[in-house]
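Trainee: Could we go through the charged pairs in this one, and then look at a helix?

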Amino acid sequence: MLRALKIEPEKCTGCLQCEMACSYENEQVFNPSKSRIRIFNFHDEGRFAPYTCTQCAEAWCLHSCPVEAIVINPKTGAKEVIEDVCVGCKVCTIACPFGTVNYNHDSGKVIKCDLCGGNPACAEACPTAAITYVDIDQTGLDRMRAHAQKTLPQSAQAA
Amino acid sequence: MAAAKKKPAARRLARPARMRHIIIGAGPAGVIAAETLRKLDPNAGVTIIGDEREPPYSRMALPYYLSRKINEAGTHLRKTPRHFKKLGIDVRRDRVTAVDARNRQVKLAGGGSLTYDKLLIATGSSPVSPPIPGMDLPGIHPCWTLADARHIAKHARPGAKVVLMGAGFIGCIILEALARRGVQLTVVEMANRMVPRMMNTTAGGLIKQWCLDKGVRVHTSTKVTAIEKGPDGRGLRVRLDNGTVLPADLIISATGVRPNIGFLKGSGIKTDHGVLINRNMQTSNPHVFAAGDVAQGLDFSTGEYSVQAIQPTAADHGLLAARNMAGHKGAVHRGSVNMNVLDTIGLVSSSFGQWMGATGGDSAELCDRNRFKYLNLQFKDDVLVGATSLGLTDHIGVLRGLIQTRTRLGEWKEKLKHDPTRIMEAYLANTQAVGFNAGMI
Ligand SMILES: Cc1cc2nc3c(=O)[nH]c(=O)nc-3n(C[C@H](O)[C@H](O)[C@H](O)COP(=O)(O)OP(=O)(O)OC[C@H]3O[C@@H](n4cnc5c(N)ncnc54)[C@H](O)[C@@H]3O)c2cc1C
């Protein structure tokens, strides 16, 4: 069964360990601005929201890519950027309505969450289990997909 | 899907004969449609007819070929060897010269014709040459096809004098690639700013300033009046209406494109600027559909039907057209958001939807001229309807998300007017994008 990142913002303390772990795992630097997961801080409410790609079924990023640089990893279901193929055109960064594909000026390519190939560093680093890597509960998944469909134009899902 | 499997075998056998889908045009719209049709109907015949001499490729990748980031193969839409063969998609190199809608046939330049059950027109657009004396001289190229790009690559050597006519979206993308090749570049644009149909005066002005700082000469509010042979018979000369005469080794014309609809004359299929389609991507003929740069489809923001001529719309169209061709009910187009992202020698800009504003709407703006940072948000009531950004690359897709979900921003509108950069927080606060995988697995 496919697994997904389960995010429970109410458990997040804003410690940024996930951002550190992500940037180190993927970019070999401790630099939150290079992290593929981001913590948003709602100062007024004392609330934090971890946020990253949901590996959505619609995969707007993948479909908008002009050179097939974003592919689905059959093992994890993640939509992964193939660095060698990416030309850095950034169309996926505007096509993703969740804002979870970012352009990396240093490499001239885009970066997004790839679930670390099935062993996400953010979940491992999170001390409060606000981010966990769990089996996708089928009912929950269907409900989420229905929600996504309602709010956004169309699904790339074949059937 | 599970329900379909339970259907008795007899029902399945009674299905109609194998469908024959024909797609004209092997660009992204045509290829995505073909692949989607294959997924939806494993038995259907799927044929793509494309008139270019290359395997299906992406125009969008051409600037990166010119800047040597990729080779020719890197522009190909699909990278797996024998991709189309494996999928049972027949890709033919030929040119459709006419559509006989009554007999459901397409005529081929190579002779003969093919019969279809459903036809998709995905023929894209072609560059328009402006009516300027001398435009037919050798050394003047559009940058539209891989063949054009090969020519340009040959002549745009370091130090070569290159004049780029047109600083629209396509012009500016080529500008970046040319600058990287180390040519001496001069840009001539009729409008008062760069990318006039994507950027307002402030943003377009900042892009111009950025280019000037990088050593690119830019003439805005300027027209080319004539192109002539150089004095010693070598090279070219470009005359501008401000009196300047520019010597040029190479001239690139990026002055606009027009949908490829000529071959539809006499077919009865209705056209305006492009092929007219309804929200099922269907033309005036129920068996014929259209997608991509050639199609005049629904614009999400304006509610009008227009040719958007951008890659994400071509992808949306291709997908949706295929679902309709396969008979899927409910595959209704809700309109595409017009959007662009541009990298001008390192300055990244983007624009979305009604970036120019909506009647009766209001806006929020942040402008840091010295650091080339700019963000402009356009609202109608408390809904984001358009945006322009400069120098921002993080989470910009959420601008599309907010526009397309018509999210009511409530109190967040005021917060954004205070600090427009808080778009991501506004999104998170106003959608249930929290909880299980941000609520949107
Ligand atoms: C240099 C450049 C840079 C670009 N950059 C961007 C960008 O950054 N972002 C963006 O969103 N868009 C960009 N675009 C635009 C984008 O490439 C187009 O929107 C996209 O290619 C449209 O796809 P399409 O399938 O509709 O048409 P096309 O890609 O044009 O494909 C149509 C195909 O049909 C063929 N054809 C036409 N008539 C016939 C016929 N009668 N018979 C057979 N075949 C026929 C054509 O030759 C062509 O091969 C760029 C375009 C160019 C040229």
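Trainee: What do the side chains of E27(A) and R36(A) do?
Mentor: In this predicted model, E27(A) and R36(A) form a salt bridge at 2.8 Å, N to O, where the term stands for a side-chain nitrogen of Lys or Arg within 4 Å of a carboxyl oxygen of Asp or Glu. Local features here need pLDDT of at least 70, and side-chain atom pairs count only at pLDDT 80 or more. Residues are numbered from 1 along each chain as its sequence is written, and side-chain values use heavy atoms, with hydrogens and water left out.

Trainee: Are E27(A) and R36(A) buried or exposed?
Mentor: Both E27(A) and R36(A) are buried, meaning under 20% relative accessible area, whereas exposed means over 50% and partly exposed lies in between (1.4 Å probe, protein chains only). Salt bridges also link E27(A) and R36(A) with D114(A) in a network.

Trainee: And how many salt bridges are there over all chains?
Mentor: The count comes to 25.

Trainee: Switching to chain B, where do R180(B) and E176(B) lie?
Mentor: Both are in helix α7 (residues 169-180) of chain B, four residues apart, about one turn; helices are DSSP runs of H or I with at least four residues, and strands are runs of E with at least two, numbered from the N terminus.

Trainee: Why does R180(B) count as exposed?
Mentor: Because its relative accessible area is 57%, while E176(B), at 11%, counts as buried.

Trainee: How many residues of α12(B) are buried?
Mentor: Six of the eight residues in this helix (423-430) are buried, among them E425(B), whose side chain meets that of R422(B) in a salt bridge (3.2 Å, N to O).

Definitions and conventions
Chains lettered and ligands numbered in written order.
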